[in-house]
Amino acid sequence: MWMLTWKKYGTSKSATALSVFGAFVRYGGVLCLFNGVIPTGIVIILIGIGIHYAAESMAHSDWVKYVQTSGLAQRIQGGDLQLAAQLYTKIEDDKKRQYLLSLNPQIPSYIAYLKQTGQPIG
């Protein structure tokens, strides 16, 4: 159940820690609900959900910093479509995909070309 789980972020230990904290906060809210403290439980759950979204935002920011500092952003902007296609197909997060598209909008057409010609993406 999403309410009682957390997410591990590969590029951000602090976002992972925040996600774990948010899961415990949400768990505390659920405990309040089961103990009859319904208004407090709802507020605590909402706070925990807010912490979850803060962790998501922090992880995205840290990922963008990693892409920029490792030189990947410059390579993608410079036209390294093979690298861009590899990253784009491995990533499932729409915000990260939009960031890659902002670096080089030709990525989807290149992926379509690779698929059409039967060439491997990665």
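Guide: Gly-41 is placed in helix α2. Helices (H or I, at least four residues) and strands (E, at least two) are DSSP runs, numbered from the N terminus. This is a predicted model, in which local features need pLDDT of at least 70 and side-chain atom pairs count only at pLDDT 80 or more, while totals for chains, interfaces and linings use all residues. Residues are numbered from 1 along each chain as its sequence is written, and side-chain values use heavy atoms, with hydrogens and water left out.

Visitor: Why does Gly-41 count as buried?

Guide: Buried means under 20% relative accessible area, exposed means over 50%, and partly exposed is in between (1.4 Å probe, protein chains only). Gly-41 has 0% relative accessibility, so it counts as buried.

Visitor: What does Gly-41 touch?

Guide: Leaving out residues up to four places away in sequence, Gly-41 touches Gly-29, Cys-32 and Leu-33. Contact means heavy atoms within 4.5 Å. As for Ala-112, its C-alpha atom is separated from that of Gly-41 by 48 Å, and the two are 71 residues apart along the chain.

Visitor: What makes the nonpolar surface patch?

Guide: Leu-33, Ile-38, Ile-42 and Leu-46 make it, with an area of about 350 Å². Patches take residues with over 30% relative accessible area and no salt bridge; like charges are joined within 9 Å, and nonpolar side chains (Val, Leu, Ile, Met, Phe, Trp, Tyr) within 5 Å. Accessible areas come from the Shrake-Rupley method with a 1.4 Å probe, and for residues only the protein chains shown count as cover. Helix α2 gives the most to the patch, with three residues. Ile-38 is in helix α2, and its relative accessibility is 45%, so it counts as partly exposed.

Visitor: How many aromatic pairs does the structure hold?

Guide: There are two aromatic pairs. Rings of Phe, Tyr and Trp (its six-membered ring) pair if their centres lie within 6.5 Å; planes under 30 degrees apart count as stacked, over 60 as edge-to-face and the rest as tilted.

Visitor: Why is the pair of Trp-6 and Phe-24 called tilted?

Guide: The ring centres of Trp-6 and Phe-24 are 6.1 Å apart and the planes stand at 35 degrees, so the pair is tilted. Trp-6 lies in the segment before α1 (13-34) and Phe-24 in helix α1, so the pair ties together parts that are 18 residues apart in sequence. With a relative accessible area of 48%, Trp-6 is partly exposed.

Visitor: Why is the pair of Trp-63 and Tyr-99 called edge-to-face?

Guide: The planes of Trp-63 and Tyr-99 are 80 degrees apart, with 5.9 Å from centre to centre, and that makes the pair edge-to-face. Trp-63 belongs to helix α2 (residues 38-69) and Tyr-99 to helix α5 (residues 94-103), so the pair ties together parts that are 36 residues apart in sequence. Trp-63 is buried, at a relative accessible area of 8%. Tyr-99 also counts as buried, at 14%.

Visitor: How do you know that Lys-7 and Glu-56 meet in a salt bridge?

Guide: A salt bridge is a side-chain nitrogen of Lys or Arg within 4 Å of a carboxyl oxygen of Asp or Glu. For Lys-7 and Glu-56 the N to O distance is 3.9 Å. The pair links distant parts of the chain, with Lys-7 in the segment before α1 and Glu-56 in helix α2, 49 residues apart. Lys-7 is partly exposed at 42%, as is Glu-56 at 25%.

Visitor: How many salt bridges does the structure hold?

Guide: The structure holds two salt bridges. Asp-80 and Arg-75 meet in one, at 2.8 Å from N to O. Asp-80 counts as partly exposed at 22%, and Arg-75 at 44%.

Visitor: What sits over the ring of Tyr-88?

Guide: The charged end of Arg-97 does, 4.6 Å from the ring centre. The rule asks for NZ of Lys or CZ of Arg within 6 Å of the ring centre and within 35 degrees of the ring normal.

Visitor: Which residues are buried in helix α4?

Guide: In helix α4 (residues 81-90), the buried residues are Leu-81, Leu-83, Ala-84, Ala-85, Leu-87 and Tyr-88. Their cover includes α3 (72-77), α5 and α6 (107-117).
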